[in-house]
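User: Can you walk me through this one? I'd like to know how the parts sit against each other.

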Amino acid sequence: MAKKEYSFYPGCSSQKAASASNYQTSVASMCDELDIQLNEIPDWNCCSASIGFAGGGELPRLALSARNMALSEQAHPDQDIVATCAACWLATKETQERLHGDDALMEETNQALAEGGLKVKANQNVRHMVEVLIEDFGYDELGKHVTRPLEGIKIAGYVGCQTNRPFGIDGESFENPKYLDKLVETMGADPINNYDKKVSCCGGALAFSEPEKSQALIKDIIESAYDGGADMIVTPCPVCQLNVEAYQDHINAKYNTKFNMPVVYYSTLMSVAYGKDAKQAGLDGQIIKAKQLEEIAGK
Amino acid sequence: MSDVIATNQTILVVGGGISGMTAALEAAECGKQVILIEKSPSIGGRVSQLYRYFPKLCHPICGIEINLRRIKANRNLRVISMAEVTSITGESGNYSVNIKLSPRYVNENCTACGECAKVVEAEFDDEFNYNLSKRKGAYLVSNMAYPQRYVLDSGIIGSDDADKAKAACKYDAIDLDMQEQSLDLTVGAVIWATGWRPYDAAKIQPYGYDRYENVITSLEFERLANPQGPTGGKLLRPSDGKEAKDIAFIQCAGSRDQNHLKHCSRICCMGSLKHANYVREKYGDDGKSTIYYIDIRAIDRIDDFHRKVKEDPNVTFTKSKVASITEDKETANPICHGVDTEGYNRYSNPHDLVVLAVGMEPSVAKDSFPIELVINEEGFIEQDPANGGIFAAGCSADALDVNRSVQNATASALRAIQVVNRTAGMEG
Amino acid sequence: MSNLNTEMVEKYRNNFLQEVTANVEEGEWVKMCMQCGVCSGSCPLGPYWDHPPQELFMMIRAGKREEVLTSSSMWMCTSCYNCVARCPRGLPITHIMHGLAHYADRLGIAPKGQQTRKFANLFWDNLTKTGRVNELRLGISLYFMNGFAAGVKKALSMAGMGMGMMKTKRLSPMEYFGGHSIKDKKGLQAILKKAKEIELAKEQKF
Amino acid sequence: MADEKKIGAYICKGCGLGDRLNTSQIATIAEREAKANVVREHDFLCSEEGVAMIQNDIDNEGVNHVAICACSRRAKSEAFNFDNIAMSRANLREGVIWVRPDTDEAKETTQEMAEDYARMAVFEVNFMTPPANSGQSKGEKGILVAGGGISGMTAAVEAAKAGYKATIVEKSATLGGTAAQMLKRIPQHSPYTDPEDTGVSELVAAIEADDKITVYLNATITKTSGAPGRFSADISTESGSTVTENFGAIIQASGFEAYDANQLPELGYGKSADVIDQAGLEKLALEANGGSIKRPSDGKEVKNVVFVQCAGQRSDKEGHLPYCSGHCCLTSIKQAMYFKDQNPDIDTTVLYSDLRTPGAGGEDFYRSGQDKGVIFTKGTVSEVKSSGSELTVNFHDMILNDDVELGADLVVLATGMVPNGGVDIEAVPVKDEDGDENAAVEVSVDSILNLDYRQGPDLPHLKNGFNDSHFICFPYETRRTGIYTCGPVRRPMDMLQATEDATGAALKAIQAAENAELGRAAHPRSGDLSFPTFRMEGCTQCKRCTVECPFGAIDEDEERYPQFNESRCRRCGTCMGACPVRVISFENYSIDTVGQQIKNVEMPDEFDEKPRILVLACENDAYPALDMAAMNGVEYSAFARVIPIRCLGSTNLIWVTDALNSGYDGIVLMGCKKGDDYQCHFVKGSEIANDRMSKVADTLQSLSLEPERVATYEVAITDTERAPQLINDMAEAVEKMGMSPFKF
């Protein structure tokens, strides 16, 4: 297969020494195996996720994503924009939809961008990395690269919210998307069927501002993974990953549970299955070590 | 089928449900030549699968019995089953229609003695019971089937079962060499009465029809309630065959929802009120019904039926569109989650069984009509001069209850008669 | 700030729905709600809302301006989009909640101690400074946003997590000094400034 | 039929009949005992050859009475379908071998059963004559339409389009009815977003342009007599002139009256000029003539209007309407749009309890209303107060659970439709304290049709004054043949439905006229040519037939003898059952056709321990139920002899008495559900029969027989388990009571 190039929007959390830097590491290894070239959007900015709304009004927030699209149009005009972060993808895709749905908004946005010497058409496809994998490669192709099948590992596919709603991955349902399970299967591991917290919310950004409420949600997400017999959880979203992994101590303390459930990215699984070592797979980024993966990666 | 005679004064009725039957009979009883075609092996349509009608709680097949007698007695009316329209060309007063006839593998000799069914072993999902049970590969659609003739499922053709069936028939009624046939008719007017199909409940993802055994549709519930149905009239839930006594009815399952059907299907509220009656009929005070609704649409004089049910202490009305259904892993009880909007009360109610009052979707998809017609966004055929001599009857025209379907079908019969009378130059 | 509030009260007399329609992001959708309640039932933090979305919509129509804008309800939105996905009338409920929160914040009548409100503001300030979010600064300011004592307490309680993050190189002390930023900060800030102007100008038109 | 009677009996040996029964024995009985002239057996009677064999006897052997001894009369009816002959069916398959076990011990009783049925069939047909057109009809085809509103105009126009003459009689000075008082109507076409032109002017134009349509304005129908195909109506105009015209059928489109909102003082009607009903708003909208709508009290521009749904409707309160008028929600949305389309800043609030906007268009229109800024609030209104120029609506907000005082400068009450259904001829007379009967409450109401029928001047009401049909599958089956109602007089409805309804009614009217000419019965025995006749010399003028006929088909002539109006008759036979002196009969159904069957059952000697149970089963429901029981392989007593009857209402006591006298041990009567939700296709048949049977007790007493020997049941067509059970129950009861002493 020929090299595939995309205009890449990494997002703040994927930066060096940021909360999802390990995600970025594994994505890089995965792409390397699949011969994907990610061309970073020069000087991209934060999308304000879905929490910037208090300070930023509608237009300012749209302008943020519009700027990224404008920069992408300049740098990589004929490439699809690809994001690995759910929030980044959603914010950008939403902006695109809104701009095309409302000429006045498009006009105003460009007025604003002009101040920065930019102009946006917003015609590039805005896609999540998972879409690239499923649509541009397909499970069969992805399977062909597996050199170390993740045999015997039971994995709960936690899709979460923003990679799933309101857009979601084409052909998947909001309530029971199956793509993570299929990816898990493709990598030779065992998906947890009827994982009923699959698309439940982890509290998102409110994990910071409403920790107790959010941790109650996170608890259910982990519990139900254990109920399903999972060894670990896989997710496509940095916020989900951080929230579900990082607060397990607090939750254990509060609810005296004994959670110690690794939470990894699909790209981590794939890197390992593709024969990358622990570091390349970003396994060193696990607060809760994914031992089974390390073993395989160590082989 | 070469013996089918039709002229530009003939009226073709497409669809043998209550609307098609009515349109065909009313026209034929005015002395018009009518051909009624039905896709399935028997006419009767969806109403023949219902247990009772609202608001009288009388039995649909009672009316069908009368209609069948009218059909048998009427020489102007010809019924052709297993027939589908493939194309219509021409104009008002002169249409050429091509009809595809699927093989029944059983000819007019059949006496419905049932010997073939006895020897055939292969079983298939019984579509008449919405696949809640199995039927033989040689079968009579129902005791009310008309034509009262058996059918061989094409799935057994070429198998020993087929030969066994043929051997068992003393009347040379089984013809395994039957082929699909094509029939060309000239007709003056067409009444389109292909009716409706239940909206695919699996698409309403939050309700988990495809994930939870004890979430069923209102039409499946009709079969469960019916003594002739798969459970002999017992309200047994699919997961464990236990009697369901605490039953939830969810309105607007697919209706009034831009994610599914935009329109209100009209019949579902009354249907669920009727179902609450079934629950009382079966269990008395031991039964419990909960109706989750947005607006109860018991329109016009039948609102008294609604008010009667409201007085039943065992029936709870909750003004809420259920947000989601989960399943209790131990009991397999579906749990309805949502908010009662009258005063903001959250609920998570477990029930023995959840019945989705699924919406009404036109049977024929907007883009697959054999001739261009004026069809509204909802997929129903509008009454429009541009449709020429083609008239919708019943649920092809709108989401209608039986009573209104029959009125509408009767009206359509007159519209068709106007066309053929004009072509016959009979005015004045 | 609150004079803007009184200004708006004047402007829209007793028609709060019109005010929302004009000034709140996607506010024109509020009138389309048919009170089925599916949004309220779908919300992950539902139980913590004093008034769930469908009720807020009804309150807006009923002109309960103060109750709505001073409510903490819309600040409970986690942006999970469950309501949006299920709404039979296609209301962009998540955005309407964001819009209401933003509007209340601008009018200066949003609940003072509301944690999400503070965090959201911090986040915005943080990202607009450098163009990118600086997680450590955000985190630290987050701890201290309720005052020093509370901050220390919270910082300690979160220390475990913080350490975990640092050990795994997913949080770096170096961040506090400088850290990530875009090159064309000026350009970005100019863009945002202009965007805000346009928005306010539009508002005046109504 | 001039040529002499020749009976052919044909015994089928197919479907296992040949293996299970001794058919040659049956043939012998048909010939020797029942005196059939031609008797033939056939291996496969419904086959082409079998049918040809019979047809040949008819064509060449002069057979004109045919007894088919094979399967149920409900089966193979296409095969056994011969012209101009009398035919009976002996049900040996569903009625005998399918309900009896195939065992040696059962063989004898099964054979007896079959022999009896064969004998019965031959005797039955022996007493039948092939019916022919009575020739009563005058072949009138014109349609009389009472009422010139949307429904009436549509009915006339649609009938004319089909080539039939139509005459509209409208009591007011103009056509158009209520619709003509409206600015616009609810949309009837996609995209269902805006009110449409009422369409009244087009209809009026179409009527004026059509020479097939005659219109009488300021006119009423002062007398209607006759029957389908020969109605005669006196049409009197205000000027005093009266013309008499003949018609084939009648459509009653007498519409509705607005509910009197003065009965809603709590909602401020009558107290403030600014509280109006929906009709009132249409008036204001028309007056506004495109400009802004002004309120009645002071002509001030309306800035804030509140619509109160279900005003005096859907409630059991004294003076309120118990039903929903169906159109009001959509109408209020339409009327709110009158304001919003004119000026979006006008506040329009609809207070509802259930918003009812069904069907394809309804929801779109609701959405469009919201889009235009109409506010919908689920609330129950307790009071509308007026203070000076301000109105205040007090209501409970069901969603916010709040008691709210809402200001308004105009309040529109969505009050309901009151049918203009004429005199309620069945209104129960009320007794005053002296016990004298006062005439019914409704007598003050003007009659619509002034029928000179024995049973009263108008159509019977069904409920709440509506002339609706009770049937779901047969909405046009009024109880006066050839007279069809449509529009809001039969049930509350909007204009779209009224239009559909009127078109359907037009078809039924045309159909009634066409069939009357051919002497064919109307639904449900469509096509039946038989009609009742009576032996005048025997008649005692007791009037029971004229009183009991569910369809008011029988009048009384000058000498007070019953006068049968064939085309008004539905052929149920209730008159025949009612007649104490048994002088009424049909060519193909009479006291004898059934009596002979009862008589010709072989009655075993008391000591044979073979009781005989007579089952008279309604052919519409009970008989099919037994057939389907047989298809399901349900067994029942071999001692039962089932006779299908047209309606339990046709059951004459003589059948019961004769049966008891001739030694039957038990009698089971199976009719349809009676009462409010009756399922009897002849409306009153089963009910009347039930009253009649209450007198059987006396008969039983006089014969000193146990009352348990005669049982009457309501049986539904779905009772495939229960119906056989009822027969077996009787068999058991008989076993307990012992055999009847009346076997000779």
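Analyst: We can go through the interfaces one by one, keeping in mind that this is a predicted model.

User: Start with chain A. Which domains is chain A divided into?

Analyst: Chain A has two stretches assigned as domains: domain 1 covers 4–129 and domain 2 covers 147–297. Their C-alpha centres lie 25 Å apart.

User: How many residues of domain 1 of chain A are in contact with domain 2?

Analyst: On the domain 1 side of chain A there are 26 residues in contact, and on the domain 2 side there are 26. The area buried between the two domains is about 2,100 Å², with carbon and sulfur atoms giving 69% of that.

User: What about salt bridges across the interface of those two domains of chain A? How many does the rule find?

Analyst: The rule finds 1 salt bridge between domain 1 and domain 2 of chain A. There is a salt bridge between the side chains of Lys276(A) and Asp32(A), at 2.5 Å from N to O.

User: OK, moving on to chain A against chain B. How many residues does the contact take from each?

Analyst: Chain A puts in 5 residues and chain B puts in 4 residues. The buried area between chain A and chain B is about 390 Å², and 54% of it comes from carbon and sulfur atoms.

User: Which three residues supply more than any other three of the area that chain A buries against chain B?

Analyst: Glu175(A), Asn176(A) and Asp196(A), which supply 74% of the area on the chain A side.

User: And salt bridges: what is the count between chain A and chain B?

Analyst: The count is 1 salt bridge between chain A and chain B. Asp196(A) and Lys329(B) meet through their side chains in a salt bridge, 2.8 Å from N to O. The side of chain A that touches chain B has no nonpolar residues, 3 polar ones and 2 charged ones.

User: Now chain B by itself. What does the domain assignment give?

Analyst: For chain B, the assignment gives domain 1 (10–102 + 180–195 + 363–424), domain 2 (115–168) and domain 3 (199–359). The C-alpha centres of domain 2 and domain 3 of chain B are separated by 33 Å. Their contact takes 6 residues from domain 2 of chain B and 7 residues from domain 3 of chain B.

User: What area do domain 2 and domain 3 of chain B bury between them?

Analyst: They bury about 560 Å² between them, 68% of it on carbon and sulfur atoms. On the domain 2 side of chain B, the residues losing the most area to domain 3 are Asn129(B), Tyr130(B) and Leu132(B), which together make up 79% of what that side buries.

User: How many salt bridges and polar contacts does that interface of chain B have?

Analyst: The rule finds 0 salt bridges between domain 2 and domain 3 of chain B. For polar contact, the count is 1 residue pair, both at pLDDT 80 or more. By class, the side of domain 2 of chain B that touches domain 3 has 3 nonpolar, 3 polar and no charged residues.

User: Switching to chain D. How many helices and strands are there?

Analyst: Chain D contains 18 helices and 29 strands. Its C-alpha trace spans about 95 × 60 × 60 Å along the principal axes. Of the 744 residues in chain D, 64% are buried.

User: One last thing: where is the place of Gly57(A), and why does Gly57(A) count as buried or exposed?

Analyst: Gly57(A) sits in the loop between strand E2 (36–40) and helix H2 (58–75) of chain A. Gly57(A) counts as buried because its relative accessibility is 3%, and buried means under 20%. Leaving out residues up to four places away in sequence, Gly57(A) touches His102(C) and Glu199(C).

Key
Residues are numbered from 1 along each chain as its sequence is written. Chains are lettered from A and ligands numbered from 1 in the order in which they are written. This is a predicted model: local features need pLDDT of at least 70, side-chain atom pairs count only at pLDDT 80 or more; totals for chains, interfaces and linings use all residues. Side-chain values use heavy atoms; hydrogens and water are left out. Domain bounds come from an automatic or database domain assignment. Contact means heavy atoms within 4.5 Å. Buried area is the accessible area (1.4 Å probe) that two parts lose on being put together, summed over both. A salt bridge is a side-chain nitrogen of Lys or Arg within 4 Å of a carboxyl oxygen of Asp or Glu. Ala, Val, Leu, Ile, Met, Phe, Trp, Tyr, Cys and Pro count as nonpolar, Asp, Glu, Lys and Arg as charged, and the others, Gly among them, as polar. A polar contact is a pair of N or O atoms within 3.5 Å; within protein, one must be able to donate a hydrogen and the other to accept it, and residues adjacent in sequence count only if both atoms are side-chain atoms. Helices (H or I, at least four residues) and strands (E, at least two) are DSSP runs, numbered from the N terminus. Buried means under 20% relative accessible area, exposed over 50%, partly exposed in between (1.4 Å probe, protein chains only).
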